Amino acid sequence: MNLEIQWFIAALVEAELVEKEDAVVFFNSFPEEPELEDYAQGVLDQVVAGMSEAEAQAMLEQIQTEIDIAREQAEYGEAPALFAGPRVARKRNASGADAPPPAPVAESAAPESAVAPEPAAPEPPMERKPTPPPKAKAEPGADPEAELATWFDSVRLLELSAEEVRDFLIRLFAALRRAGVSDLHLSAGARPFIRRARKLERLGSEPLAPEESERLNFALLTPAQRERFLEEQDLSFALEFEGERYRGALMRHKRGVSGSYRLVPSTIPSLEELGFLPEDAVTVRRLLDFQNGLILVAGPLGCGKTTTLAVLLDQLNRERYDHVLTVEDPIEILQTSRNCLINQREIGSHTESCVQALRAALREDPDIIVIGEMHGSETIENAVSASETGHLVLGTLHTGDAGNTLSRVLEVFPQQQQPQIRAMTAGSLRGIICQKLVPATNGRLTVIYEILVNSTAVSNLITEGKIYQLPAAMQIGGRLGMCTFDQCVLKKYRQKLISYEVAEANLTDAASRGQLRQERATREARRLAAEQTEVSK
């Protein structure tokens, strides 16, 4: 186990996020030693299971901070106390920069009678030393990469007024959107970082001091939002300026305030633009023809569930004439009433809770109910009940595949209700779309997915509690439009939409990996044959 992962596990244990034994068992579950990012992503997927979107975003912030600390500590070549000897204190030199670890002293260098050195003084609080402005600062509208490289190294945040900090952030968001960034993270004790095409990139060369992080993350809040955060220590909210929308999530951790910001797409794409293959997009749209029932969009954090849900709602808005009521936390993508009357409600601003909004919805004559995020037993119970009473209900869940999604829905109910709930779900479920985002060959992201359609066979499996047999039913349900993740990955590889490496990393079945290798060998043989033909000419 490399030092970076050792320090990362030590940080997680210190933060009481995992037990050491569980972290080591999970590490050993990888077929070969993982990179720190891959291991951290796996831990994150497990930790956020069952959390709300806002809580999951906040946890992502904390995990990323621990990654930064782990990398810094590993540079000194010493193992953490959890795995070896005592932790080496990190000292700073007179300039405030981290000093290199002391060179080892030979055994003969100090006599046994030597007096033990004084214990090291506690490490002073981290302070960000002011940096001079660059010689030539990129102006808005210049090359996006040049802009991003100078944003945090060229400004003294503590010397700016509140209005100047707000203007600084608005210009930063505009630059991030131009550069194709999806997320921004500002956390005390870590360098600012962004997510672009699922990859993390750092902004600036210095970590944010607690005061700087607090000023940045408070700059865009209303007084009411700030008061709520100070009271609850967590906050999920939406932002809109210059015609663009953003979703924010704040939390407080042991190093200070941390905020994550999602750049909401300006326009609603089509299913095909998201990456659904044409034949699978037809299957998904067919699910929207039902007048009642339950449609679930599932996947891990940051996989595009909210965007897919918005696409489905936009499709309903164009094709049907219904009353649509949404419950979101917060509202991300605005929907304009076309053929449908759409009322979007935000938890905290328009209703106290999702449960209260769903109870009230049944008195407001909706035809379609959209739940931005289904978490908690009461929310899931109300959603299933609404789908039973003549409404079409769409919602999202933090689950990895169709089987886990159904298990999550069923397991929130008491054991004595299980037979009744399985029967209700078997009758009301219309379909489940589980998705992930992966790098595409065009340099962007594309979605891989599995689609479950509630056929007679699937309904019987749900009623009998045989959820473990769903993958087999999906594999043979192709004529109904069903597909598994492995089938989707292989189709996308054959169409050259994803690389071999991406396909291999996302296959779960040994037989599918064999098909992938065979497909690559066939492709390579064709390439060599074409080259030989070209040479012979």
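1. Helix α15 passes helix α16 in a right-handed crossing; a crossing is right-handed if the near helix is turned clockwise from the far one by less than a right angle, and left-handed if anticlockwise. The contact (heavy atoms within 4.5 Å) is made by R422, T425 and A426 of α15 together with S459, I462, T463 and E464 of α16. By class, these residues comprise two nonpolar, three polar and two charged, where Asp, Glu, Lys and Arg count as charged, Ala, Val, Leu, Ile, Met, Phe, Trp, Tyr, Cys and Pro as nonpolar, and the others, Gly among them, as polar.

2. This is a predicted model, in which local features need pLDDT of at least 70 and side-chain atom pairs count only at pLDDT 80 or more, while totals for chains, interfaces and linings use all residues. Residues are numbered from 1 along each chain as its sequence is written, and side-chain values use heavy atoms, with hydrogens and water left out.

3. The angle between α15 (residues 418-428) and α16 (residues 456-464) is about 165°, and their axes lie 8 Å apart. Axes are lines fitted to C-alpha atoms, for helices over the stretch in contact, and angles run from 0 to 180 degrees between N-to-C directions. The two helices are therefore roughly antiparallel, a term for angles over 145 degrees.

4. The protein chain contains 20 helices and 13 strands; these are DSSP runs, helices being H or I of at least four residues and strands E of at least two, numbered from the N terminus. Of its 537 residues, 48% count as buried, that is, under 20% relative accessible area with a 1.4 Å probe, protein chains only.

5. The largest nonpolar core has 80 residues, of which F276, L394 and L452 touch the most other members. Such a core is a set of buried Ala, Val, Leu, Ile, Met, Phe, Trp, Tyr and Cys residues joined through side-chain atoms within 4.5 Å. Strand β13 (residues 445-453) gives the most to this core, with six residues. Apart from it lies another core of 35 residues, including V165 and F173.

6. Beyond its neighbours within four places in sequence, F276 is in contact with residues including L271, V284, I433 and Y449.

7. Helix α12 (residues 354-361) is mostly covered, with six of its eight residues buried. Elements covering those buried residues include β8, β9, β10 and α13.

8. P80 is placed in the loop between α4 and α5. This residue is buried, with a relative accessible area of 1%. The C-alpha atoms of P80 and A11, 69 residues apart along the chain, are separated by 9.3 Å.

Technical notes
Buried means under 20% relative accessible area, exposed over 50%, partly exposed in between (1.4 Å probe, protein chains only). Angles under 35 degrees count as roughly parallel, over 145 as roughly antiparallel, 65 to 115 as roughly perpendicular and the rest as oblique.
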